Amino acid sequence: MTSLDLRPLPVRHSVDVRLPPSEAFDLFTREIGVWWPKGDRRPGTTLEMERRRGGRLTERRADGTRFEWGRIAAWEPNRRFVLTWTREAEEDHEELPIAVTFARTSTGTCVTVSYELAASALPRASAAVMQTWRGALAAAHRHAMQTVAVCV
Amino acid sequence: MHYECVIAALADPTRRSILEGLRGREASVAEIAAPLPVSRPAVSQHLRVLSDAGLLDVRRDGTRRLYRLSPRGISDLRAWLDTMWSDALQSFAAEAEARHTAKTRRGNASKTKDTPE
């Protein structure tokens, strides 16, 4: 029996951009709806971030309704923020804190996304992210029910 | 990895409880069902959905069927979350590069305008 690695897994993704930290931070947060991959959300929706501690990252639909993706747990302009990925309307509400840092480099800014993930937290973390991408939880469940029929 | 199946499998809180209960151990249907507030047939159905999604491995031990987390399924989930962030950052970098290029062009244009011939 292959043993399962249950150690927490630090996940880090970095990218270098040729913008100063203040501009990179602004683009990342203020214009997240512009650059976030379109494939991850429904057509006609946009992402908006309330740029302050306690602020929300929400998906706004064409009809004006909003769906929360996460909340800002820490806010240090031009340097760093922490986003907790949430699922509202879930009883076993669980959060996955994700830190995004902006470090000055000789050519611009190094942007790093990092979080720690235990294997045991993977199903919840993945479910949170997947369901967020699917939009409202109800829709996810409806979709899930249809999909189960296809998969089984 | 069939993401649609995995989404469906993870959408249910009972199925997530089953996965968490199986970390680090192998268990039979009866053992899995014991702490759960659902019937055994319902648990069996959940186990089938999880197995079909590639999240559980199952083996026979005499008349019992023993379930455990699939290392493959878990590493697929890790890879999937990784992909999500690397895709998002690539998309961010592309937009940042476009801004940088636009800024440089504007800078050059105003330099040309301001500089007397």
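**Close-up views of a predicted complex**

**View 1. Strand 1 meets strand 3 in chain B.** In chain B, strand 1 and strand 3 run antiparallel and are joined by two bridges. The model is predicted.

**View 2. The three-stranded sheet of chain B.** The sheet is open, and its three strands take the order 1-3-2 with antiparallel pairing. Strand 1 and strand 2 (56–61) of chain B are the edge strands; each has a single partner strand, so one side of each lacks a neighbour in the sheet. Strands of a sheet pair through backbone hydrogen bonds, either parallel or antiparallel.

**View 3. The largest nonpolar core.** This core holds 21 residues. Those touching the most other members are Ala9(B), Leu19(B), Leu50(B), Ala53(B), Leu55(B), Leu56(B) and Leu69(B). Two or more residues come from each of these chain B elements: helix 1 (3–10), helix 2 (13–21), helix 3 (29–33), helix 4 (40–52), strand 3 (64–69) and helix 5 (71–114). Helix 1 of chain B gives the most, five residues. In soluble globular proteins, nonpolar side chains tend to be buried together.

**View 4. Contacts of Leu56(B).** Residues up to four places away in sequence are not counted here.

**View 5. A second core.** A separate core has 20 residues. Among them are Phe25(A), Met49(A), Leu57(A) and Leu83(A).

**View 6. Helix 4 of chain B and its buried side.** Helix 4 of chain B has 13 residues. From first C-alpha to last it reaches 18 Å, close to the 18 Å expected at 1.5 Å a residue. His46(B), Leu47(B), Val49(B) and Leu50(B) are buried in this helix. These four cover an arc of only 160° around the axis, so they lie on the same side of helix 4 of chain B. Gly54(B) follows the helix, with a positive phi near 85°.

**View 7. Confidence in the prediction.** Chain B has an average pLDDT of 83, and 88% of the residues score at least 70. Among the elements of chain B, strand 1 (residues 27–28) has the highest mean pLDDT, 94. Helix 1 of chain B has the lowest, 71. For the complex, the predictor gives an ipTM of 0.73 and a pTM of 0.68.

Key. Residues are numbered from 1 along each chain as its sequence is written. Chains are lettered from A and ligands numbered from 1 in the order in which they are written. This is a predicted model: local features need pLDDT of at least 70, side-chain atom pairs count only at pLDDT 80 or more; totals for chains, interfaces and linings use all residues. A nonpolar core is a set of buried Ala, Val, Leu, Ile, Met, Phe, Trp, Tyr and Cys residues joined through C-beta atoms within 7 Å. A residue is buried if 20 or more other C-beta atoms lie within 10 Å of its own, exposed if 12 or fewer, and partly exposed in between; C-beta atoms are placed from the backbone. Two residues are in contact if their C-beta atoms, placed from the backbone, lie within 7 Å. The expected span of a helix is 1.5 Å times one less than its number of residues. The arc is that of the directions from the helix axis to the C-beta atoms. pLDDT is the predictor's confidence in each residue, from 0 to 100. Two strands pair if DSSP finds at least two bridges between them.
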